[in-house]
Amino acid sequence: MTKQPEDWLDDVPDDQNEDDDDEIIWVSKSEIKRDAEELKRLGLEMVELGKNALDKIPLDEELRAAIELAQKIKKEGRRRQLQLIGKMLRNRDVDPIRQALDKLKNRHNQQVALFHKLEALRDRLIEEGDDAVPEVLKLWPQADRQQLRSLIRNAKKEKEGNKAPKSARLIFQYLRELAEEQQ
């Protein structure tokens, strides 16, 4: 005689500890997909970095080779390569990679903020002329006052004559060099 479905429950041992059920963590299929997409986005961030920035991230040789290949590939092949990178990241500890990327992004954000400040200072120098030069000298005492004043005069002439802002670019480059020397 075969067992009826009601009788199957009789075969389950009664001595199971109920705490075992608490240890099982059920992960939904959607959560698994979200995690996989997040790893693909992380891979895309690494692919979009330059080769020099990639050297600052702790990667093993296999993953580095896959990322460098994805940087060379265009169109459909790139999508498949990004999927491969995401799959490779599933088997690795991504916390050090994320920390290194965050550090690189912060450095980039600081550099962008510095450039905005330098652009604002350049614009003030062009607008106010020689009156704003002492502020630059206060920030960077090693600055050449004469060179700065001649660049400002040329930038004003170019602006009034609707010419290309060559001197304005030179002022920005000079300010950037001064800021880099200070760091």
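I take buried to mean under 20% relative accessible area. The model I am reading is predicted.

**Helix H3**

I started with H3, residues 29-48. This helix has 20 residues. I looked up its span from first C-alpha to last and found 29 Å, close to the 28 Å expected at 1.5 Å a residue.

Next I asked which residues of H3 are buried. They are Ala36, Leu39, Leu42, Gly43, Met46 and Val47. They lie on the same side of H3, because they cover an arc of only 145 degrees around the axis. I then checked the face turned away from that buried side. Exposed Lys33, Arg34 and Glu48 sit there.

What do the buried residues of H3 pack against? I noted helix H4 (51-54), along with H5, H6 and H7.

**H3 against H6**

I picked out the H3 and H6 pair. Their axes are 8 Å apart, and the packing angle is about 115 degrees. Angles of 65 to 115 degrees count as roughly perpendicular, so H3 and H6 are roughly perpendicular to each other. I logged their crossing as right-handed.

I listed the residues that meet. From H3 they are Ala36, Leu39, Lys40, Leu42, Gly43, Leu44, Met46, Val47 and Glu48. From H6 they are Arg78, Leu82, Gln83, Ile85, Gly86, Leu89 and Arg90.

**Helix H7**

I moved on to H7, residues 95-128. It has 34 residues. From its first C-alpha to its last it reaches 49 Å, close to the 50 Å expected at 1.5 Å a residue.

I looked up the buried residues of H7. They are Ile97, Ala100, Leu101, Leu104, Leu118, Leu121, Arg122, Leu125 and Ile126. I marked Arg122 as one of them. H7 is also among the helices that the buried residues of H3 pack against.

What follows H7? I found Gly129, with a positive phi near 75 degrees.

**Positive phi outside glycine**

I then turned to residues other than glycine. Lys75 has a positive phi, near 60 degrees. I placed Lys75 in the loop between helix H5 (61-72) and helix H6 (76-90). Is Lys75 buried or exposed? Its relative accessible area is 76%, so Lys75 is exposed.

Asn162 is not a glycine, yet its phi is positive at about 55 degrees. I found Asn162 in the loop between helix H9 (145-160) and helix H10 (166-182). Its relative accessibility is 72%, so I count Asn162 as exposed.

**Ser167**

I checked Ser167, which is found in helix H10. Its relative accessible area is 5%, so Ser167 is buried. I left aside its neighbours within four places in sequence and looked for contacts. Ser167 touches Leu151, Asn154, Ala155 and Glu158.

My last entry is on Asp60. Where does Asp60 sit? I found Asp60 in the loop between H4 and H5. Asp60 is partly exposed, with a relative accessible area of 31%. I also looked up how far Asp60 is from Arg92. The two are 32 residues apart in sequence. In space, Asp60 and Arg92 are 9.7 Å apart, C-alpha to C-alpha.

Methods: Residues numbered from 1 in each chain as written. Predicted model: local features only at pLDDT ≥ 70, side-chain atom pairs only at ≥ 80, totals over all residues. Heavy atoms only, no water. Helix = DSSP H or I, 4+ residues; strand = E, 2+ residues; numbered from the N terminus. Expected span 1.5 Å × (residues − 1). Buried < 20%, exposed > 50% of the residue type's maximum accessible area, 1.4 Å probe, protein only. Arc of directions from axis to C-beta. Contact = heavy atoms within 4.5 Å. Axes fitted to C-alpha atoms, helices over the stretch in contact; angles between N-to-C directions. Parallel < 35°, antiparallel > 145°, perpendicular 65-115°, else oblique. Left-handed = near helix turned anticlockwise from the far one by under 90°.
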